[in-house]
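Please keep the sequence and the structure open while reading.

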Number of protein chains: 2
Amino acid sequence: MDKSLGKGLLALEILAESEAPLGVTALAGRMGITKSNAHRLLTALVATGYAEPTQPRGSYASSLKLWRLGARIVARLDVKSIAAPHLARLVAETQETANLSVLDGPFMVYIDRVETDTYIRSYNRIGDRHPAHCTGTGLALLAHAPEETLAQALAEMKPHTPATITDPTALATRLAQIRRLGFATTRAEFRPGINSIAAPIRGAHGRVVAAIGLSGPAERLKPARVKTLAPLVAATAEKVSRLLGAPAP
Amino acid sequence: MDKSLGKGLLALEILAESEAPLGVTALAGRMGITKSNAHRLLTALVATGYAEPTQPRGSYASSLKLWRLGARIVARLDVKSIAAPHLARLVAETQETANLSVLDGPFMVYIDRVETDTYIRSYNRIGDRHPAHCTGTGLALLAHAPEETLAQALAEMKPHTPATITDPTALATRLAQIRRLGFATTRAEFRPGINSIAAPIRGAHGRVVAAIGLSGPAERLKPARVKTLAPLVAATAEKVSRLLGAPAP
DNA sequence: CACGGTTTTCCATATTGTGGAACGGAGCGG
DNA sequence: CCGCTCCGTTCCACAATATGGAAAACCGTG
């Protein structure tokens, strides 16, 4: 069904993820199709505005159109704009990196992020997607996710560090604990040496729609400090929840 | 050429821009195609992960995949991450809304924006695209754009308010002035009652790659205040330019 | 339960995408 | 300066593929 649509979208993906512009042969090679096919796909993408030929011509790069469309999608999740100033405040008060994530199946996706200018650039970027079971915001989201999503997450439980949780029942008790406390903490479960604190944000209907989190190096985020910061993160998430019209807890 | 690719992409656009999920008939109606055709496009989009059926099923919505791809694209323009803290500082010091834009043909696109929490939510959102000739950052970008882009912009010069500049030679002298001063100012040329100040950001090769701008209501951004703020905006743009590796001016 | 609104499936038709081969240019080395 | 090679681009006959009509499954409602 609709073979050429699939090919075209794949071409777009490869183009968007490629660092440098790609030529016809390069694209054909990566996709395993003929040159003439790749060329036709590219001209179609150019005609629709999703790709642009580079100068001097011979190569093609993805345009901003794709991104503009995507921006519309996240704009609908207006959690982002409402949470933004609170993310910034959290960073100002703690000097740690803050981020905002939503659930995408059994994964978490960063939709916003504010970094401290004092810290080394992190390897995570907005739009990156990681397994929910080993990240702070991921766990906070999973703790309030529907049964079905949890089942998907169980299937994705691979270890990323020695500390990654892999036992399904252990995960269940952990999620219960997160629900009880109102926040989640992790210790080097996704990236070695990186700890985190996260709390869920509820939307107008009281359901969890996003999570706000703080993460930083273990030397700075020691257990004692985590203990003092957790209420701050939880309070911030709660404040955003209220702004979204969530009922009192 | 590649008709179904075009249709599929159009379907994606409509889906992404629609506020609510769409059904088969609604999509077919907006696209002017048959229901069965729309249905096949949708199942193909679902198969490739760009759309998701809603529950209860019968409708379709765009997924986050599109946005994640787009995020990769802008991440490559690392102006955004480097400028972010400076945008924030500008907002903190002036209590006005700051934004960061790049040129997309004869249009400007907001790639980042920091709003002051004291002000009414603006109607512009990240990803929005507006004509360059009547916005602050647009003019700042246009003043340093290649001949070809300028020509395209001339073709797009439609008035948006009584104050919008529409005469090609007037635009030329204005751009020359902007180049001389190092910053651009506008007075209600795009939105009535909204003034702005903007300055260009240069990349590693000395070429202008983005612009930073401040905008706010005319009551607050009076000529006298604009005069004092302009050097601040220009200095901020200059600072970011240096961080990007731009040579001294 | 029957109705009007869906979404979904099926299928013959020809439109449309396909890949091979041939063309035109750019860059390189002899 | 020529001939080589590697690239993007064009062309075309063929067949795979998208197409739309009609009909079937579906769902909520009166």
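A residue is near a strand if one of its heavy atoms lies within 4 Å of it. With that cut-off, of the atoms of DNA strand C within 4 Å of the protein, 74% belong to sugar or phosphate and the rest to bases. The model is predicted.

**DNA strand C**

- DNA strand C is surrounded by 18 residues, and the closest are Asp2(B), Lys3(B), Thr25(B), Lys35(B) and Tyr60(B).
- By class, three residues of the surface near DNA strand C are nonpolar, nine are polar and six are charged.
- Ser36(A) has a side-chain N or O atom 2.8 Å from a base nitrogen of DNA strand C.
- Thr34(A) places a polar side-chain atom 3.2 Å from a phosphate oxygen of DNA strand C.
- For His39(B), a polar side-chain atom lies 3.3 Å from a sugar or linking oxygen of DNA strand C.
- Two or more residues of the surface near DNA strand C come from each of these elements: α3 of chain A, and α1 (3-17), α2 (24-31) and α3 (35-47) of chain B.

**Interface of chain A and chain B: extent**

- In chain A, 55 residues are in contact with 55 residues of chain B.
- About 4700 Å² is buried between chain A and chain B, and carbon and sulfur atoms give 62% of this area.
- Leu64(A), Trp67(A) and Arg76(A) supply 15% of the area that chain A buries against chain B, more than any other three residues.

**Interface of chain A and chain B: contacts and make-up**

- Four salt bridges are counted between chain A and chain B.
- In a salt bridge, the side chains of Asp2(A) and Arg40(B) meet at 2.8 Å, N to O.
- Seven residue pairs are in polar contact across the interface of chain A and chain B, with both residues at pLDDT 80 or more.
- On the side of chain A that touches chain B, at least two residues each come from α1 (3-17), α3 (35-48), α4 (65-76), α5 (79-94), β4 (97-104) and β5 (107-114) of chain A.
- α4(A) gives the largest share of that side, twelve residues.
- The side of chain A that touches chain B has 25 nonpolar, twelve polar and 18 charged residues.

**Domains of chain A**

- Chain A is divided into domain 1 (3-68) and domain 2 (77-243).
- The C-alpha centres of domain 1 and domain 2 of chain A are 35 Å apart.

Note on methods:
Residues are numbered from 1 along each chain as its sequence is written. Chains are lettered from A and ligands numbered from 1 in the order in which they are written. This is a predicted model: local features need pLDDT of at least 70, side-chain atom pairs count only at pLDDT 80 or more; totals for chains, interfaces and linings use all residues. Side-chain values use heavy atoms; hydrogens and water are left out. Contact means heavy atoms within 4.5 Å. Buried area is the accessible area (1.4 Å probe) that two parts lose on being put together, summed over both. A polar contact is a pair of N or O atoms within 3.5 Å; within protein, one must be able to donate a hydrogen and the other to accept it, and residues adjacent in sequence count only if both atoms are side-chain atoms. Helices (H or I, at least four residues) and strands (E, at least two) are DSSP runs, numbered from the N terminus. Ala, Val, Leu, Ile, Met, Phe, Trp, Tyr, Cys and Pro count as nonpolar, Asp, Glu, Lys and Arg as charged, and the others, Gly among them, as polar. Domain bounds come from an automatic or database domain assignment.
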